[in-house]
Amino acid sequence: MDTTIENMINSIDLSAPVPEYEPMRQYYYLKACRKIVKEKSEALNRPLTAVVSTFGCQMNARDSEKLLGILKDIGYQESDDEENADFVIYNTCTVRENANLRVYGRLGQLKKVKRANGEMIIAMCGCMMQEPEVVEKIKTSYKFVDIVFGTFNIFKLAELMYMCFTGDEQVIDIWDSTKEVVEELPTSRKYPFKSGVNIMFGCNNFCTYCIVPYVRGREKSREPKEIIREIERLVSDGVKEVMLLGQNVNSYGKTLDDNVTFAELLREIAKIDGLERIRFMTPHPKDLSDELIEAIRDNSKICNHIHLPLQSGSSRLLKLMNRQYTKEHYLELVDKIRNTIPDISITTDIIVGFPGETEEDFEDTLDVVRKAKYDSAYTFIYSKRTGTPAAKMDGQVSEDIVKDRFNRLLATVSEVSHEHIKRYEGMDMDVLVEDIDDHDNTFVTGRMTNNILVHFKGDKELIGSIVNVHLDECKGFYYMGTKND
């Protein structure tokens, strides 16, 4: 843990009044919970264990690292065994309704487990909890859930746990919004050599198929100095690569008094000594500026990759989606990016079966795929989401038609991407090694700056290092390579 944070927690006097300001207030509860967990552990003659189960996006994954960091700090050991854990927390996603159903199913299984282990604590947080009807359902149908909180007060976990430890009622703390961003708390990273960093929260775009603005709130950018300070601490702790996170990073800075642009933030972050790679997720085509394209071109630390969500190639559907760009504007933007950075890797998101989608609309999507030459694409079948305007639209597309179009899209993406991605074959590229290969433990796997995966012979000693690899053969969406001596 950051020694500064540890020193601040140790300096807390539990006999004094609880501090009113953050993060000192949370430091107080961290120390108070440490004492309680230690006593419980000693009484049971074993360490207490905790499971953090994450649903959804990279921002949720980053939030879960913070939750796990707090749990570890107060004395829990990480586990993946939900049935025997002392503390289970679900960090939920609500982008699709079936995600909600999955969570309810998992909760039903935990109810049986908790009957046998009355000491188990169950917590729920994340985007699902920002829906009033979900919270009401948990209060009435899932009374065995001990702690419920949302997306705006993740930092309060220790305080909410203290309330649970010392009370006998369900703890529910849901905020509609917040002006407060508290980041100076313990974090447990999945990878010691790379980390996500939130640069903003919320979304102002209101795409008609998306629930996110309703559960994540309006956009709020963090101050540049706070972001720089966090990344400097991460680098001093061994981090080589950061992923800058936001629902729409291109609109970063609009809520700040000095209106710093995202490109300006990137240039400042690139000055940090010891930081080797900078990624970001997710930009919006309507806000992607020439300044940002030039910043990527001019700085080798900024990774050679842009994820540029398309959603549909039909200008008519894009208007219905409230995406605020046309097919023509999108393709002009792709051309501008490729003309400025010829070797850039572009990936995308595409939805099939949006309400009212015709065969002509779908052909427009295939046309963009062929012209944009994506390295890869995340493809989705439209899922009606209650609470969004699209859910009430006429022209819901039949399942048979959607499945046929989805398969055709996959085939087109595969054909185009496989041909385009082969351009690196025979080249030598730097690869950040991330893990042992899932299929062969004599190989390791990592990513080039363009985000393309590479598998090559190696051992766990290489994990976290950047090594030069000869790309022997393209295998579609990834490469097989040989480490250069």
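Visitor: Where does Glu183 lie?
Guide: In the loop between E6 and E7. Helices (H or I, at least four residues) and strands (E, at least two) are DSSP runs, numbered from the N terminus. The model is predicted: local features need pLDDT of at least 70, side-chain atom pairs count only at pLDDT 80 or more, and totals for chains, interfaces and linings use all residues. Residues are numbered from 1 along each chain as its sequence is written, and side-chain values use heavy atoms, with hydrogens and water left out.

Visitor: Why is Glu183 called buried?
Guide: Its relative accessible area is 10%. Buried means under 20%, exposed over 50%, partly exposed in between (1.4 Å probe, protein chains only). So Glu183 counts as buried.

Visitor: What makes the link from Glu183 to Lys66 a polar contact?
Guide: The two side chains come to 3.1 Å. A polar contact is a pair of N or O atoms within 3.5 Å; within protein, one must be able to donate a hydrogen and the other to accept it, and residues adjacent in sequence count only if both atoms are side-chain atoms.

Visitor: Which residues is Glu183 in contact with, leaving aside neighbours within four places in sequence?
Guide: Lys66, Asn198, Phe201, Arg222 and Glu230. Contact means heavy atoms within 4.5 Å.

Visitor: How many aromatic pairs does a search of the whole structure find?
Guide: It finds 13. Rings of Phe, Tyr and Trp (its six-membered ring) pair if their centres lie within 6.5 Å; planes under 30 degrees apart count as stacked, over 60 as edge-to-face and the rest as tilted.

Visitor: Why is the pair of Phe55 and Tyr90 called edge-to-face?
Guide: The centres are 5.8 Å apart and the planes stand at 80°, so the pair is edge-to-face.

Visitor: What does that pair tie together?
Guide: Phe55 lies in the loop between strand E1 (49–54) and helix H3 (58–73), and Tyr90 in strand E3 (residues 87–92), so the parts tied together are 35 residues apart in sequence. Both Phe55 and Tyr90 are buried.

Visitor: How do you know that Phe155 and Trp175 are edge-to-face?
Guide: Their planes are 75° apart, with 5.8 Å centre to centre. Phe155 is buried, at a relative accessible area of 7%.

Visitor: What makes the charged end of Lys137 sit over the ring of Tyr104?
Guide: The charged end is 4.0 Å from the ring centre. The rule asks for NZ of Lys or CZ of Arg within 6 Å of the ring centre and within 35 degrees of the ring normal.

Visitor: How many bridges join E7 to strand E10?
Guide: There are 5, and the strands run parallel. Two strands pair if DSSP finds at least two bridges between them, so E7 and E10 pair.
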